[in-house]
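I opened this notebook to record what I looked up, entry by entry. The structure is placed below for reference.

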Amino acid sequence: MMNRTGTDIQIAICGSAGDGTIASGDILKRAAALMGFNVIAFDVYPPEIRGFGKCISRVRISSQQSYSLKQNSDVLISLNDTHAIPHVGEVRDFGAVIYDDNLIANVPEGGHISGHIHPAQIPYGFSIRQISEQATNSARSRNIVILGYLAELFDLPREHFRKIIRDKFATKPRAVTDDNIKAFNAGLLAGSGVFKLDDVVVQKVDAKGNGADAEMMTGNGAVARGFMEAGIQCYFGYPITPATSIMERLAVEMPPAGGKFLQTEDEISAIAAAIGAGYAGTRAATATSGPGLALMAEMLGLGVMAEVPVVVVVSQRGGPSTGLPTKTEQSDLNLAVFGGSGDAQRIVLAPTNVEGCYRCAGRAFEIAETYQTPVIVLIDLYLSNRYETVIPSAHKQFAAKPRVPLAPNGDGAFKRFELTENNISPRAIPGEEGLMHTVTGLEHNELGRPNDAIHMDMNTKRHEKLKPAVNFPGLTVSKRFGDEGKVKVGILGWGSTFGEILETMYEAQAEGISCAAMKVVMLSPLPVESIAAFFADCDEILVPEVNYEGQFANIVCGALGKPVSRLNQTNGAPMAVADILAEVRRLSGKKPKTGQSDTFTEAAL
Amino acid sequence: MNEHVEPVYLEEKLEEIRADGHQGYRSKSLPTWCPGCGYYSMAEGLTFALRRLEIAYKDVVVVSGIGCASRFPFFFKTYGFHTLHGRVLPVATGVKIANDALTVVAVGGDGDAFAIGGGHIPHAARRNIDMTYLVFDNGIYGLTKGQTSPTSAVGFKTSSTPYENSDVPLNPLMMLLSYGASWVGQAYAGHQHDLADMITQAMSHKGFSFLRILSPCVTFDKTDNTYANLNLHVHDLPQDHDTSNLMAAMQAASQTDKPALGVYFKDDRPTLAQAMNATATRASGTG
Ligand SMILES: Cc1ncc(C[n+]2csc(CCOP(=O)(O)OP(=O)(O)O)c2C)c(N)n1
Ligand code: SF4
Ligand SMILES: [Mg+2]
């Protein structure tokens, strides 16, 4: 992170539910996006729906592309000291802690945050509550006052904040907007004249910045966006954290666009209906998490056997069983790739960032249609809920091509499962003349009639037809970053962890370690050749994953027959750059560095 | 009615189908059911109904679960989807939602419907999806060679209840009535012509129609749901039965010792497709 040029600040706002913490973070990230910065943000909510649990909104604002949240925040803003005190250690040396300095007399010993700020951190106390009350007659706009203070501290363009504040309260009475603008202005005033963090550069974003085109999206929002741009026709879903917001978004957007949306009675029904709709020729999808995917396993096998295109988004959370519904994990890889009975190979795509969620979800239909099979888009809570700036494509790149029906073949001789050169058979859909046939989950001959003798040929067909998917045009299936040619350490990763992997790689390079990283997006079928080429270039291979067994490492070792070093953590949080970096240093033969490298553990998420 | 029908055997059945000249809807695959199985009447009945209603093969999708009953789609020259055990309704729901112009016929056995698939029935019924659900109820698991089913009688001996079944059977008609099915009827495989007529009526209904068809498994049930027993007990619903009266339908459905055949209940209310269109209108702000 040291090697970055331009702006790169991370702000953590911490408060209690009801303090407007998340709303404040939301305005900050949207304003920063509007200014043209790259933004990555992640909100942490209390697991309980009610009460006064802890909320944290972390927003990283940078002028260059960044890939994950930073290990250490530059600024911590406390709206509630009890919740914020454990996070003081997250602030880097010479970083700022912003807090309300008016309350010291009222709190018990040790209850005030000022007593916890490290000597190397810079305290910024001001009377947040009092200023809010003076500006708006209410303490409720404390979360807006701090934004004004921040804008002044970093000299961020005020107008962008004001625009987002107006947008955010557009549906509320006029007075609400006015009060919030007043609170923002009062914060500005309070911040004027305070000394700046002298090691933070805020680059003026040039006029041609992304501002106008870039949109703040969560991974789930990006999935829904990709689906809508692909012209999704049927969606069936059952609520489950952290996938629910995909269905909630589609519930709003599909009906007016002519799409069919149904909340089903369970996940079996959701995938079954999606398969029925896929069989009937529409673009159909569902989204779930691990427990739902477990229920869907038998149906996915039917989709494979009956060769039906369907798209399933899976956002992983901690498992097994009900597990850790509000914590991220990468432990459903085995289930996504192998789950179900029999040899049921399917396509699994695992995007590594929010933009990737948009692209993979958008392209998934075309891939499913091309190979006539289920496609799983595997993400996780960390990707589902984090915000990034994405520039959606201007043209309709995911739209379906119009279907050209085959010539009728009236006498029941249509070979729906014909064994062809490329193992992909002609497909007809109900309503098309003279191509009637029955599909089945039983092993079947070319006509679709139950038949056991042909099992080996059909198994071959179903596996072979997927192999070319690793060369699917316009799809990033795997990609190498970092040093070219031979390197000391190669980091191989998938899914959301790849953001931390890339950040680690840049840090390692800055330390002089020869290092490269490869992301694998298509987890099934596996792009074995490109992974093998990467292996050949690396003295050591490290596979960091947020699961216990190293599920991806297992697959890769199985496919390539080569050992790898694993780094596995399951503490309910994304993997820490510091932890990956320590492993990279060890593998490179470098002595571990001492100093500030607190692990981003539970306290962080 | 109540004419006594002997079990029909495959070869004779085929002769009849050919002679009748309406084999058009039937595929080249011959049913693989045991000779005498009640299910032959259902193949005949659906053929009749499709011809009566003049529905083109290309516009029909027969969807089924798994079981002897669920072999059904293979025997028709329409589109077909032989899915998973218990999952006929959700798959059929997807097909119908994808293309409302299709005629969707869902088919399954009693185990497929009321055991493994029982959780889906209330939802298909309450949503009033415009499809016909034919349950071939033989009170036994045929395909897995004779285990007890949710509609087996107390005291029934099967390979999985060698010391007699002690679970009280479900009442499918009362279930469907309380789930909000908009058309509920009962037929008997032994009354072939009435059965064909009932399938036709069920398919003519706009909304979710549920037809339970009592059918003997001649191979694994020699004691309970035999042609001989059913012939003795089945009878028609009274002429004056009011199909718009839900309580009267419930009352009739509760008489399980003497199963009444006919249309129990019929209600015209918006289908899922109509409800979805209304949602789209509200969503677009044009309503
Ligand atoms: C998930 C699953 N569990 C069990 C089976 C085995 N199985 C196949 S058919 C059947 C029951 C069939 O009974 P029913 O639905 O009444 O149909 P019938 O054969 O009597 O027509 C069972 C248990 C299966 N195919 N799949
Ligand atoms: S086992 Fe029973 S239900 Fe199955 S085909 Fe034979 S008679 Fe019919
Ligand atoms: Mg049965």
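**Entry 1: the model.** I noted at the outset that this is a predicted model.

Entry 2: I looked up the strand order of an open sheet of nine strands and found 15(A)-2(B)-1(B)-3(B)-4(B)-8(B)-7(B)-10(B)-9(B), with mixed pairing. At its edges I found strand 15 (438–440) of chain A and strand 9 (235–236) of chain B, each of which pairs on one side only. I then examined one pair of strands within chain B. Strand 1 (residues 60–64) and strand 3 (residues 103–109) of chain B run parallel and are joined by five bridges. In this pair, I located Val60(B) opposite Thr103(B) of strand 3.

Entry 3: I placed His235(B) in strand 9 of chain B.

**Entry 4: helix 10 of chain B.** I found that helix 10 (residues 272–283) of chain B has 12 residues. From first C-alpha to last it reaches 16 Å, close to the 16 Å expected at 1.5 Å a residue. Which residues of this helix are buried? I recorded Leu272(B), Met276(B) and Ala280(B). Seen down the axis of helix 10 of chain B, its buried residues fall within an arc of 80°, so they line one face of the helix. I next asked what these buried residues pack against. Their partners are strand 9 (260–263) of chain A, together with helix 3 (88–98) and helix 5 (121–127) of chain B. After the helix comes Gly285(B), with a positive phi near 70°.

**Entry 5: helix 17 of chain A.** I found helix 17 (residues 551–560) of chain A to be mostly covered, as seven of its 10 residues are buried. I listed the buried ones as Gln551(A), Phe552(A), Ala553(A), Ile555(A), Val556(A), Cys557(A) and Leu560(A). Gly561(A) follows this helix, and I noted that its phi is positive, near 65°.

Definitions and conventions:
Residues numbered from 1 in each chain as written. Chains lettered and ligands numbered in written order. Predicted model: local features only at pLDDT ≥ 70, side-chain atom pairs only at ≥ 80, totals over all residues. Heavy atoms only, no water. Pairing = 2+ DSSP bridges. Helix = DSSP H or I, 4+ residues; strand = E, 2+ residues; numbered from the N terminus. Expected span 1.5 Å × (residues − 1). Buried < 20%, exposed > 50% of the residue type's maximum accessible area, 1.4 Å probe, protein only. Arc of directions from axis to C-beta. Contact = heavy atoms within 4.5 Å.
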